[in-house]
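Biologist: I've got a new model open on my screen. Can you walk me through it?

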Amino acid sequence: MSTKNKIIIAIALIAAISFSVYYYIFIYSSNNHRQVQSETAIAITSDSLVSKYQADEKLANSLYLNKAVAVTGNLLSIDKNQEGKTTLVIGHSDSFSNVSVTMSSDAPISQKVGTPITIKGLCTGTLSDVVITDGVVE
């Protein structure tokens with residue numbers, strides 16, 4: 001095989017890889033984003049969800065991980081994360097662990113801190129809090 005053929009094959013391979021990366025990042029990811037809001041959610045209270053994760057994380061993951069959940073509890077705080085997205089904490093102020101929710105949009109939250117709220121989103125597991133992403137107010 002000549003050097004010219006090797007160069008042509010290398011350029012074709014680089015072009016194919018570049019196109020694949022471009023397609024995945026800019027086209028596939030934006031068109032195939034999961035729409036949690038249209039899914040049927042598992043209804044659960046924030047206290048119950050946290051206690052299930054504290055009791056047995058492996059079992060709780062099998063029940064809730066990557067599934068739509070509708071979590072009801074008291075709204076403890078409304079903040080912004082590093083990306084500028086609205087984040088909520090739901091649970092009890094005297095509790096060590098609560099439910100942390102990253103909202104899917106920056107729509108204002110009409111509920112006041114200390115009032116009950118139900119958020120539907122995607123459960124992504126637990127760190128110190130149970131983490132919910134793509135949240136919307138129910």
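Modeller: Let's start with asparagine 66. At 45% relative accessibility, asparagine 66 is partly exposed. Keep in mind that this is a predicted model.

Biologist: Where is asparagine 66 found?

Modeller: Asparagine 66 sits in the loop between α3 and β2. Its phi is positive, about 60 degrees, although asparagine 66 is not a glycine.

Biologist: Is aspartate 134 buried or exposed?

Modeller: Buried, because its relative accessibility is 19% and the cut-off for buried is under 20%.

Biologist: Let's zoom out. How many helices and strands does the protein chain have?

Modeller: Three helices and six strands. Along the sequence, the pattern reads α-β-α-α-β-β-β-β-β.

Biologist: Is the chain compact or spread out?

Modeller: The chain is more spread out than a compact globule, because its radius of gyration is 21 Å, well over the 14 Å that the globule rule gives for 138 residues. Along the principal axes, the C-alpha atoms fill a box of roughly 75 × 35 × 25 Å.

Biologist: What share of the residues count as buried?

Modeller: Of the 138 residues, 30% count as buried. The chain exposes about 8700 Å², and carbon and sulfur atoms supply 59% of that area.

Biologist: What about the charges?

Modeller: There are 10 positive and 11 negative side chains. The centres of the two sets lie 14 Å apart.

Biologist: Back inside, then. How many residues does the largest nonpolar core have?

Modeller: It has 20 residues. Leu49, Tyr64, Leu88, Val99, Val101 and Ile132 are those with the most contacts inside it. The elements that each supply at least two residues of this core are α2, α3, β2, β3, β4, β5 and β6.

Biologist: New topic. Where does lysine 52 lie?

Modeller: In helix α2. Lysine 52 is partly exposed, at 36% relative accessibility. Not counting residues up to four places away in sequence, lysine 52 touches Ile44, Glu57, Ala60 and Tyr64.

Biologist: What separates lysine 52 from serine 18?

Modeller: Their C-alpha atoms are separated by 44 Å, and the two are 34 residues apart along the chain.

Biologist: Last one. Where is serine 105?

Modeller: In the loop between β4 and β5. Serine 105 is partly exposed, with a relative accessible area of 40%. From its C-alpha atom to that of alanine 55, 50 residues apart along the chain, the separation is 32 Å.

Technical notes
Residues are numbered from 1 along each chain as its sequence is written. This is a predicted model: local features need pLDDT of at least 70, side-chain atom pairs count only at pLDDT 80 or more; totals for chains, interfaces and linings use all residues. Side-chain values use heavy atoms; hydrogens and water are left out. Helices (H or I, at least four residues) and strands (E, at least two) are DSSP runs, numbered from the N terminus. Buried means under 20% relative accessible area, exposed over 50%, partly exposed in between (1.4 Å probe, protein chains only). A nonpolar core is a set of buried Ala, Val, Leu, Ile, Met, Phe, Trp, Tyr and Cys residues joined through side-chain atoms within 4.5 Å. The radius of gyration is taken over C-alpha atoms; the globule rule is 2.2 Å times the number of residues to the power 0.38. Accessible areas come from the Shrake-Rupley method with a 1.4 Å probe; for residues, only the protein chains shown count as cover. Lys and Arg count as positive and Asp and Glu as negative; His and the chain ends are not counted. The place of a charge is taken as NZ of Lys, CZ of Arg, CG of Asp or CD of Glu. Contact means heavy atoms within 4.5 Å.
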